[in-house]
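Have the viewer ready and follow along.

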Amino acid sequence: MAVLTAPEKPIIPTYTLAQNNGDSNAMIYVRNAGGECGEYKLDPAFLQPHRKDYYLFVLIKSGANRHWIDFMPYTVKADTFYFTVPQQVHLKEHTGPTDGLMVSFTDEFLQLEDNHMLRALPIIQNPAAAHEIQLTPEDVAFIDDTMRKMLAEFNTESTWRNQMLASWLRVLVIYMSRLYSEQYNETCVTLNYCLLKSYQKLIGEHYQTLHDVAAYAEKLNLTPGHFSEVIKQQSGKTAITHIHERLIVEAKRRLLHTELSVKQIADELGFEDAAYFNRFFKRLADTTPIAYRQQIREMYS
């Protein structure tokens, strides 16, 4: 396996869901989408260019702000659904009072066994690089009801709370994917964006055996240098980071859903030995595999 190097320090900062809500274990976060006069006070950092490493769904009932996603400006409109996928560049020009609901969730949630089918849905893949969906009154009523049920569940400590949240989120993702398909032509906007999606698909097929960027570049008939530049430009992350993140996600899946030993998981993921896998996991996940297994099982049991 190739030597794993530390990721480059990003010029544009990336915020995690944990930084957004203060809970390092949360895969789903729900709140009212209040602006300056709402329940949520916007961090001034979000008025600067930044990325989010999680998915963001927002139903706006009313509002007065303007923001940019990548290279497109958006002025918030009432009864509109806004969404982003990880690593896109966000910039808010200003914020004002808003009324709506917001749901955030991580890629780790989508990697759970029960959610695999969600990853292929249009609003997750976002082939049109879109960020807003127009809604009929019937759509608004359904989405508002679903997200309010999620908010109520999020704010309780009831038994099987996380399972209920996950179930409602699956409904929301499927419903919004139907609307996405109706409003957007599901084709890649640019060749470079398609290349990023092809790379991510190939990683999903070969992460157990291919751990170096050059091997993927060869499969896509590109030089490693040009390939790496395109992936960094399109995603904000180095090409090797995509491989590392997939390995971590797969390791976490096995730690949660199987009784495989750490050595067995290391073997399945193509690591030379368990000690090397432990170091890799600790560096990227900031905890050991055994500690992660205990923590995640306590949370989602």
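This is a predicted model: local features need pLDDT of at least 70, side-chain atom pairs count only at pLDDT 80 or more; totals for chains, interfaces and linings use all residues.

- Strand β7 (residues 80–84) pairs with β10 in the antiparallel sense over three bridges, and β4 pairs with β7 in the antiparallel sense over five bridges.
- Phe-81 is a handy landmark in β7: Leu-59 stands opposite Phe-81, and the bridge partner of Phe-81 in β10 is Ile-133.
- Another pair to look for is Thr-80, which stands opposite Gln-134 in β10.
- How many of the residues of β7 are buried? Five of its five residues are buried, and the strand is mostly covered.
- Thr-80, Tyr-82 and Thr-84 point one way from β7, while Phe-81 and Phe-83 point the other way.

**Helices on the sheet**

- The buried residues of α4 pack against β2, β4, β7, β9, β10 and α5; among them are Val-140, Ile-143, Met-147 and Leu-151.
- In α5, the buried residues include Arg-161, Leu-165, Leu-169, Leu-172, Met-176 and Tyr-180.
- A length check on α4 works out: at 1.5 Å a residue its 18 residues should span 26 Å, and its end C-alpha atoms are 25 Å apart, which agrees.
- For α5, the 23 residues should span 33 Å at 1.5 Å a residue, and the end C-alpha atoms are 33 Å apart, which agrees.

**Aromatic rings**

- A pair of aromatic rings is described by the distance of the centres and the angle of the planes.
- Phe-142 and Tyr-175 form a stacked pair, with 4.2 Å centre to centre and 20° between the planes.
- Phe-142 sits in helix α4 (residues 137–154) and Tyr-175 in helix α5 (residues 161–183), so this pair ties together parts 33 residues apart in sequence.
- Phe-142 is partly exposed, with a relative accessible area of 33%, whereas Tyr-175 counts as buried at 15% relative accessibility.
- The rings of Phe-277 and Phe-281 have centres 6.0 Å apart and planes at 55°, so this pair is tilted.
- Phe-277 and Phe-281 both lie in helix α11 (residues 274–285), four residues apart, about one turn of the helix, and both are buried.
- An α-helix has 3.6 residues a turn, so residues three or four places apart point the same way.
- Phe-277 and Phe-281 belong to one aromatic cluster together with Phe-271, Tyr-276, Phe-280 and Tyr-292.
- Arg-161 lies over the face of Phe-154, at 4.9 Å from the ring centre.

- Where is Trp-160 found? Trp-160 is found in the loop between α4 and α5.
- Phi of Trp-160 is near 60°, a positive value in a residue other than glycine, and at 61% relative accessibility Trp-160 counts as exposed.
- Asp-286 also has a positive phi of about 60° although it is not a glycine; Asp-286 lies in the loop between α11 and α12 (289–300).
- Asp-286 counts as exposed, at 64% relative accessibility.
- Tyr-15, in strand β1 (residues 14–15), is buried with a relative accessible area of 17%.
- Tyr-15 and Pro-86 are 71 residues apart in sequence and 9.9 Å apart in space, C-alpha to C-alpha.

Notes: Residues are numbered from 1 along each chain as its sequence is written. Side-chain values use heavy atoms; hydrogens and water are left out. Rings of Phe, Tyr and Trp (its six-membered ring) pair if their centres lie within 6.5 Å; planes under 30 degrees apart count as stacked, over 60 as edge-to-face and the rest as tilted. Helices (H or I, at least four residues) and strands (E, at least two) are DSSP runs, numbered from the N terminus. Buried means under 20% relative accessible area, exposed over 50%, partly exposed in between (1.4 Å probe, protein chains only). A charge sits over a ring if NZ of Lys or CZ of Arg is within 6 Å of the ring centre and within 35 degrees of the ring normal. Two strands pair if DSSP finds at least two bridges between them. The expected span of a helix is 1.5 Å times one less than its number of residues. Contact means heavy atoms within 4.5 Å.
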